[in-house]
Amino acid sequence: MSQTDQFSNRWGIVLASLGMAIGAGNLWRFPRLAGQYGGTFILLWIVFLFIWSIPLLLAEFSIGKKFKRGVIGSYAQLAGEKYTWMGFFVTICTLGIAFYYSIVTAWALRYFGFSLGNLFSTQTLGETLSENPEYLNQFWMSISNGNWTTIGLYIFNVLLGVFVLSKGIQKGLEKANRILIPSLFILLLIIASIALNMENGVLGLEYMFSVNWEDFSNSRIWIEALTQSAWSTGAGWGLMMTLSSYSRKNEEVTLNTFISAFGNNTASLLAGMAILPAVFALAPSSEGAVAYLQTGNQALTFTIIPKLFSTFQGGGILSLIFFAALFLAAFSSLLAMIELFARNLNDLGFNRKSAMVRVIIFFIIFGFPSAYSLDFFTNQDWVWGVGLIVTGLFILFAVVKSGAKKFKEEMVDEDSDFKVSTNYFVICMSGNIVLALFLIYWWLSQGYSEYPWFDANGNWNFFDVYSNASILTQWVGVMLIGFFMNKFLYNKFAAKK
């Protein structure tokens, strides 16, 4: 890919932004969290869209458009040489997510194959579930732990992503998203309509938007709401920074960002309106539905959708279509993550072909543990999902350091017909630094493991899935590597050649 390769028009980058944002975070992660915490989570998630995600996306879009480099190089150009390590942390955090995210695309393909097999089976899925109510849970456990078919599929997805991106921005990424995104919205509307028209389905909608005011004292809900907003919109990932590095010179920043952000949240709500009503419709009682949702089951989407579609004629075909859509949505996001890695390697001096070879190797090596162990996958989802608060904090720091008012007027507003208030942007940039620091402190003070820091024997509890020790060790390890390699990183990624 040439350095001058760019999106052909506004809708090219808007669809790429939507493709980056709309994925497994909407159809797999959001329904799980909305089910676990209900309307309290939804309300905070919407608030964080406006005060956290949109301002960060505006900043990222502007940075990438201005400096036309990968995340490390662009960040260092804005923040200054001695803060290059922060851009390195942003990149590694996103790659940490990308490595396990590729496994979700494999799960989607497994369930596509599962649905396809059911179409040709002599026994319907409904009949199978009548004989063995735990059949779907058993299938989930079989594919999410030590399953070599799942491992093979995630490697296949990485290879497919590299193949698509090898075609370039216009012929690869842009062309793919023109098909993926409209198809996904149509399918979500169909599925939500079906779920809401089932008996008791509307109870799921009521639960989804029911606010429990006591939950606002739970720091985990605040953190989950902020990280889900960031996880799903792509705020703080550096992905928007990467995509906008291929934008046209006079590309609109503000309107494109708002379309992407609102489109993403609409897809999330549609997914929630499809899955939560289905849980209430299929559960033996409302209490049973709530109890199941509040477990925060990683498998929620994968176990409920097949069961939903097994209850009516023609449901097998819709199940097949849903998991095809889930794969395509997850795959469109994976493309942006692969491109982030490849763009940084291009800055490092590797040509496109050499960069892609290294992308394949790294994804296979570092994705394997999550493909093999669901506990490892869950740990990485927690570590780097919460890590998006830190990456957002670093981007906020860079903007405030350069002067938030000046940044907005010279980089955000320069080619924007639609403009937001400067005061809104400046307050969000500065205020979110305080918010991020407070939430990190609040989170550290709570602990979400039985032994947050040290295990029962007094040892550093690094191997616990949800322990503070595990998360902080991984964060600090990456920061120290970046800090000690800071000069090298700046010279390789940011210094003018």
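This is a predicted model: local features need pLDDT of at least 70, side-chain atom pairs count only at pLDDT 80 or more; totals for chains, interfaces and linings use all residues.
Trainee: How are two packed helices described?

Mentor: Two packed helices are described by the angle between their axes and the distance between the axes. Here, take helix α3, residues 39–67, and helix α19, residues 404–412. Their axes lie 10 Å apart, at an angle of about 60 degrees.

Trainee: Which residues make the contact?

Mentor: From α3, Leu58, Ala59, Ser62, Ile63, Lys66 and Phe67 take part. From α19, Phe407, Met411 and Val412 do. By class, the contact of α3 with α19 has 7 nonpolar, 1 polar and 1 charged residues.

Trainee: Now a single residue. Is Thr84 buried or exposed?

Mentor: Buried means under 20% relative accessible area. Thr84 has 0% relative accessibility, so Thr84 counts as buried. Thr84 lies in helix α5, which covers residues 84–119.

Trainee: What does Thr84 touch, leaving out residues up to four places away in sequence?

Mentor: Thr84 touches Ile72, Ala76, Asn486, Leu489 and Tyr490.

Trainee: And the cysteines. How many disulfides does the structure hold?

Mentor: A disulfide needs a pair of cysteine sulfur atoms within 2.5 Å. The structure holds 0 disulfides.

Trainee: Are Cys93 and Cys428 buried or exposed?

Mentor: Cys93 is buried, because its relative accessible area is 0%. Cys428 is buried too, with a relative accessible area of 9%.

How values were computed:
Residues are numbered from 1 along each chain as its sequence is written. Side-chain values use heavy atoms; hydrogens and water are left out. Helices (H or I, at least four residues) and strands (E, at least two) are DSSP runs, numbered from the N terminus. Buried means under 20% relative accessible area, exposed over 50%, partly exposed in between (1.4 Å probe, protein chains only). Contact means heavy atoms within 4.5 Å. Axes are lines fitted to C-alpha atoms, for helices over the stretch in contact, and angles run from 0 to 180 degrees between N-to-C directions. Ala, Val, Leu, Ile, Met, Phe, Trp, Tyr, Cys and Pro count as nonpolar, Asp, Glu, Lys and Arg as charged, and the others, Gly among them, as polar.
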